[in-house]
Amino acid sequence: MSDETPEFGTSDVAPGDEGSEAGIATYLVGLGLALLLTGVSFFIAKTHLVWGPSIPVALIVLAIAQMGVHLVFFLHITTGPDNANNVMALAFGVLIVLLLLTGSLWIMFHLNHNMMPMDQLMRMQR
Amino acid sequence: MSATHADHQGHAARSPGGGMPSKRIIVGYGFWIFLLSDIIMFSAFFASYAVLSDATAGGPTGQQLFDLTNVGIETMCLLLSSFTCGLASIGAQRKNSAIFQTAMAATFVLGAVFVSLEIREFAGLAAQGAGPTRSAFLTAFFTLVGCHGLHVTGGLMWLLTMMAQVLAKGYRPDILRRVMCFSLFWHALDIIWVALFSVVYLIGAGQ
């Protein structure tokens, strides 16, 4: 199976497989970091200690950090040479997700901005 | 994959271990690509939610509807179930049925608690007149969160199937590949939930 690694590290690793030694320690570290980031997210959402408009940005940054933690410690997507194919697929996926999200938000924001308010539009149609 | 050893000299040069990569790697890679396409589908739902989140049509907003305590419990359930799912894949690799079946059962219980909390939340929203037909915001909300909930429900059925297959057929290589795909699926659902509770619930409740 995937344990038969040749001498130098050009073999591949399936996503989710953790090289040779599969340890509980990785999952424990991942769980601890994820719990920490989740706790901070829920705390920040409710608190009045930080400047209000910065909260959504902070939440998005924390969410991206936690997704990274999940990818590394739970899915074992790392930067090792045996993981290059998995990382390339992930990078392409992230590219498409970013295009989709920013493209939709950008276009729809300008559309909303340039459109007449809905009640005026309804009045014109009568 | 021994049938294709002669006509792939490029592969032989690449990995001195011999020929094609193992079937586990190919299956895992293919499933990884499926998961990424699933995430792209979710990103389309996220985009439509983000665009429509202000279109409440005079109805209730997220700030009035969302119960963060409930969301916190749901998040804990999914996070811990991701951990127990990792324990289950360790158990499967070591062919240790005590670890595998216990961890899978714990994963199932946590996932089932998550789904039941979500169903209760949806029923409560519908009962107070905030169903998916109330406004574009609520339509986008129910589509996005409900799609994730359906994925978790499907994952729970897959989980039970894996427990039964390991019980009946043992740790055969093909069964182990299915267990690997299941754990990838479950971890990916947790990643989507991270985006979901941050973008939908926490940001929505703060506005």
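This is a predicted model: local features need pLDDT of at least 70, side-chain atom pairs count only at pLDDT 80 or more; totals for chains, interfaces and linings use all residues.

Apart from neighbours within four places in sequence, Tyr201(B) is in contact with Phe66(B), Leu68(B), Val71(B), Glu121(B), Phe141(B), Val145(B), Trp193(B) and Leu196(B).

Tyr201(B) also belongs to the largest nonpolar core, which has 79 residues. Trp32(B), Phe66(B), Phe141(B) and Leu196(B) are listed with Tyr201(B) as the residues with the most contacts inside that core. Both chains contribute: α1 (24-46), α2 (54-74) and α3 (84-114) of chain A each supply at least two residues, as do α2, α4, α5 (97-127), α6 (136-169) and α7 of chain B. The greatest contribution is that of α7(B), with 23 residues.

The account now turns to the interface. Here 46 residues of chain B are in contact with 47 residues of chain A. The area buried between the two chains is about 4200 Å², and carbon and sulfur atoms give 81% of this area. Trp32(B), Phe83(B) and Ile191(B) supply 15% of the area that chain B buries against chain A, more than any other three residues.

Polar pairing across the interface can be stated briefly. The rule finds zero salt bridges between chain B and chain A, and three residue pairs are in polar contact, both partners being at pLDDT 80 or more. On the side of chain B that touches chain A, α2 (23-52), α4 (68-93) and α7 (173-206) each supply at least two residues, and α2(B) gives the most, with 15. The residues of that side divide into 30 nonpolar, 12 polar and four charged.

Methods: Residues are numbered from 1 along each chain as its sequence is written. Chains are lettered from A and ligands numbered from 1 in the order in which they are written. Side-chain values use heavy atoms; hydrogens and water are left out. Contact means heavy atoms within 4.5 Å. Buried area is the accessible area (1.4 Å probe) that two parts lose on being put together, summed over both. A salt bridge is a side-chain nitrogen of Lys or Arg within 4 Å of a carboxyl oxygen of Asp or Glu. A polar contact is a pair of N or O atoms within 3.5 Å; within protein, one must be able to donate a hydrogen and the other to accept it, and residues adjacent in sequence count only if both atoms are side-chain atoms. Helices (H or I, at least four residues) and strands (E, at least two) are DSSP runs, numbered from the N terminus. Ala, Val, Leu, Ile, Met, Phe, Trp, Tyr, Cys and Pro count as nonpolar, Asp, Glu, Lys and Arg as charged, and the others, Gly among them, as polar. A nonpolar core is a set of buried Ala, Val, Leu, Ile, Met, Phe, Trp, Tyr and Cys residues joined through side-chain atoms within 4.5 Å. Buried means under 20% relative accessible area, exposed over 50%, partly exposed in between (1.4 Å probe, protein chains only).
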